[in-house]
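This note sets out points for a colleague who is meeting this structure now. Please read each point with the sequence and the structure in view.

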Amino acid sequence: MSTKRRTIALLMDYVGGDYQSEVRFGVERAAEAHDVNLLVAFGETLALPGATDAAQNSIYHLIGEETVDGIIVASATLCHHIGIEGMREFLRGYAPLPVFSIGMEIEGIPSLTVDNAFGIELAVGHMVDAHGRRRVAYIGGPANNEEARTRAEAYWGALAARAVPPDERLFAEGAFTIDSGRSAMRDLLARGGEPDAVVAANDKMALGAMELLKERGIRVPQDILVAGFDDAVIARFSKPSLTTVRQPMKRLGALAMDSMVRMLDGKDVQDVALLEVELTCRESCGCGVQASASLPPPGTTGRGGAALIAAQRGSLERALRRSVSIPTGSLDGWPGDLLSALEAELTGKEGRFLHALEALLDAAGRAGAILDHFQGAIAVLRERLHRPVEDGGDGVFQDALERLWHASRIVIGSASVRVEGERRLNVELASMYLSWSARSFSTCLSLPILKRVMASELPALGFSRVAVSLYDSTHGGHDPQQTTMKTLFLMEGGREVEPPPASFPARLLAPDGFLGGGERTTLIAIPVAFGDLEKFGVAVLNSGAHELVYDALRLQLGSAVKAAALHREMIRQVELRERLEQERIHQESVVAARIQTTLVPERLSVEGLELSALMKPAAAVGGDYYDVLATAEGGWLGIGDVAGHGLAAGLVMLMIQSMVSALTRRDPGASPARLISAINAAVYENVRGRLMRDEHATLLLLRYERGGRVTFAGAHDDIIVCRARTRRCVCIPSSGVWIGALPAIDAMTRDAEFVLEDGDVLVLYSDGVTEARDAHHEQFGLERLCAAIESAQSASVVAIRDRVLKEVEGWCPSPDDDITMVVARYRAPRQP
Amino acid sequence: MSSLKVESVVTDSFGIEPTLRDDTLSVKLTGTGDMAAAAPLGSYFRTLQAEVIRLSVSAVEFDVRALYFLNSSCLKAFISFICGLAGQGLKCKIQFLTDARLGWQRRSLTALERMSPELVSIADT
């Protein structure tokens, strides 16, 4: 009967990094060996209670019994701010799931740490005992980091054990980074403690210290010795290469997984286990050789090569095992196998040793070992099997051995260079693909575009299984246990597939069926977040891509979702503003239409004139004006059009109407030209000086006398008079200028006049009539207007008006300008 | 040599094409100056006014022979342009090249000429 495969979570602050990378490697290989699924969730270092919890850390709170059976926590990477008490609280939050801590000893939680104190004791002791240094400075890690604290205490202890007087000036604190190592070294030099050696609590700070020393012209190791802790990859390639305490980080991860599986099987595990460390001496302490290669020589033997091996096989195996650190347990028997091959070689089976060595290097490379360390193994063999001729050794045999060691060193060197080359190539490829993908991600302004970019870019970055899910609500303080998500993007087998439409609880991390499945998997869960506050969702990706990619992708995804959200919000704001603007314009038009239509005369009554009029505002009101004012001697007709639309045009029209009404009331017999000039001056001052606008208007004022004389002035469309005598229309142009454009128009405004005869029809109109355009953009025009008037001239003035309107509306069903008309038929006084 | 920093405008129904020859700025307008053109025309003429001042041109020539219609809102842009130049104290001459067959040109541009006879002239073709 098959049982469900277990899933173990690994929580850490970063998936790259020297320590994190090595620990994760070990955990991952052990997960494969135990046939359990692995889910690596990485966020950031945990924040202090009350401080802003980084949005990136939301991922930790989503891990629980719905998705995993046990949790391994790389505590040393999460504890910098919250310390041991904070970590204890954090880990207890996962109860009842079994939890295992790496790198920090926590009461009540099974833990695995390296022997930090012994490591510092080795480093400081080496400086004092082997190199005679008495002014050994120390650069420690963050105060809240338990490992850093243990290492710092060991420094003081190592000095005391050697009767070296403590000096506070020789102790500085860093933050496990290169920059903080530089700063700490700067402080140490400034204090005047005159250090002659420096031990740092990790390699990065040691490298930072070496950088600063080089800048100051202080030589390492000639003037000062330096040692680090970790044996990170970079330690071998720095100049000078860094002496360091080798921490078996991969083994740490592998053993943590072994322990977790034991816990799940109900077996006992140690509360606290310590892993041994050792000192790797390189150039920065002046040794330049690997200390592990050196062991006390065995007792002499006079027998041949195979016999030499047989005599010290157990001791040789131990020495070989110590010379090379193989991270996982898969190659446990390698020293014995290698010695057997050497025995076969020495008994005449030529090529067996090099063949075995090549196979071993190949397997060790896959297991993540540092192949260069096998040079140490060859050094051990050479030392142990060397028998000088003067001591009874066989010269021919010794020469053959020397050739074998030489060939072995070449094989190891080639393999090491090849592995390093592959690593470098992988880094360069990952960097290149990331650079390309960054360009694509940076242009994602919507989620559909982001999906397209993911579909095209993620396979190139090494991904074939991906689920990116976003929270249904994105407010900052949501409870991770209650939140739901919906999958935005789903990829299986390197191809984008349609994600399920339904929401699911966020604590499941991915849609149903994604995390489980038939084959064993290692998946990486990363938060999709922006900055410290904005949490958008979770991405779950297959392992196997370069570690650089995960962290970069975390930032790119978070930024892309943020950019899409910002863009969406920007569009929403623009649409809202446009809607408000349209609404404002609409409201203005409503007000303007009311102004325009309610100010037209209610009754049209002027002695001697049969009158009808019409004003029909367009949707965007155009500021038309007409008025009819009766006086004792006859009356005034006015018509005009304010250039522009909306409320401002309506207000200008209101000014004109008020002024015409007031001025004609005060002086019914005034010159129209003088009135126009006066109105112009006032409108110009009001519109340009006070409203700070630039509206102008056409305005035509006609003073009608009962005898038929009409005096007019201003600028507007032609006046049409349909003569009763000829039954034809006459167009009388106006000769003035617009009002409101110039401060004074007196000089260019003159009165003109014509005389109406009995039955003549006078028509005033706005450009909404003549400029009404049909579907072909042809204007209704003056000729059609005159034709319509002439054809209806015998009818009533109302019928003439309606006939013209009907024809205009037939020509242009949706006019975009106001239509205004005044139609007047003159009736001469009856002769007494 | 200074060059013009104002581009041509082409829409479905309206076009403006400026060219600078010696110290005369020629502006060819085409299409239909209706409500859709009013706002862009107003803003374009404000830029054009700045160019006239920057380049100290002595004459602006508006070729409106292919401008089939101009409503009062678009006319407002011309008036603001001319008043703006006059307000700056510039003695820049403005000439309209017109087509007598287009009614709006006679009505509107004649009034424009009356308004500023010392600056504006109309050349009928």
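1. The contact between the two chains draws 22 residues from chain A and 16 residues from chain B, where two residues are in contact if their C-beta atoms, placed from the backbone, lie within 7 Å. On the side of chain B that touches chain A, α2 (72-87) and α3 (103-115) of chain B each supply at least two residues. The most comes from α2(B), with 7 residues. That side of chain B divides into 7 nonpolar, 6 polar and 3 charged residues; Ala, Val, Leu, Ile, Met, Phe, Trp, Tyr, Cys and Pro count as nonpolar, Asp, Glu, Lys and Arg as charged, and the others, Gly among them, as polar. Helices (H or I, at least four residues) and strands (E, at least two) are DSSP runs, numbered from the N terminus.

2. The model is predicted: local features need pLDDT of at least 70, side-chain atom pairs count only at pLDDT 80 or more, and totals for chains, interfaces and linings use all residues. Residues are numbered from 1 along each chain as its sequence is written, while chains are lettered from A and ligands numbered from 1 in the order in which they are written.

3. In chain B, 6 strands form an open sheet with mixed pairing, in the order β1-β2-β3-β4-β5-β6; two strands pair if DSSP finds at least two bridges between them. Its edge strands, each pairing on one side only, are β1 (9-10) and β6 (120-124) of chain B. Strand β5 (residues 93-98) of chain B runs parallel to β6(B), and 5 bridges join them. Here B:L97 stands opposite B:A123.

4. Chain A has an open sheet of 5 strands with antiparallel pairing, ordered β20-β21-β22-β23-β26. Its edges are β20 (624-630) and β26 (752-755) of chain A. Within chain A, strand β22 (residues 697-705) and strand β23 (residues 709-715) pair in the antiparallel sense over 6 bridges. A:L701 stands opposite A:A713 in β23(A).

5. How do two helices of chain A, α1 and α10, cross? The axes of α1 (residues 18-34) and α10 (residues 249-264) of chain A come within 6 Å and cross at roughly 40°; axes are lines fitted to C-alpha atoms, for helices over the stretch in contact, and angles run from 0 to 180 degrees between N-to-C directions. The two helices are therefore oblique to each other, as angles under 35 degrees count as roughly parallel, over 145 as roughly antiparallel, 65 to 115 as roughly perpendicular and the rest as oblique. The residues in contact include A:Y19 and A:F25 of α1(A) and A:L252 and A:M257 of α10(A). They divide into 12 nonpolar, 3 polar and 6 charged.

6. Most residues other than glycine have a negative phi, and most peptide bonds are trans. A cis peptide bond joins A:A95 and A:P96, with omega about 10°, and A:P96 is in the loop between α4 (83-92) and β4 (99-102) of chain A. Another cis peptide bond, with omega about -5°, joins A:K239 and A:P240.

7. Is A:D231 buried or exposed? A:D231 has a positive phi near 60° and counts as buried because 27 C-beta neighbours lie inside 10 Å. A:E194 has a positive phi of about 50° and, with 13 such neighbours, counts as partly exposed. A residue is buried if 20 or more other C-beta atoms lie within 10 Å of its own, exposed if 12 or fewer, and partly exposed in between, with C-beta atoms placed from the backbone.
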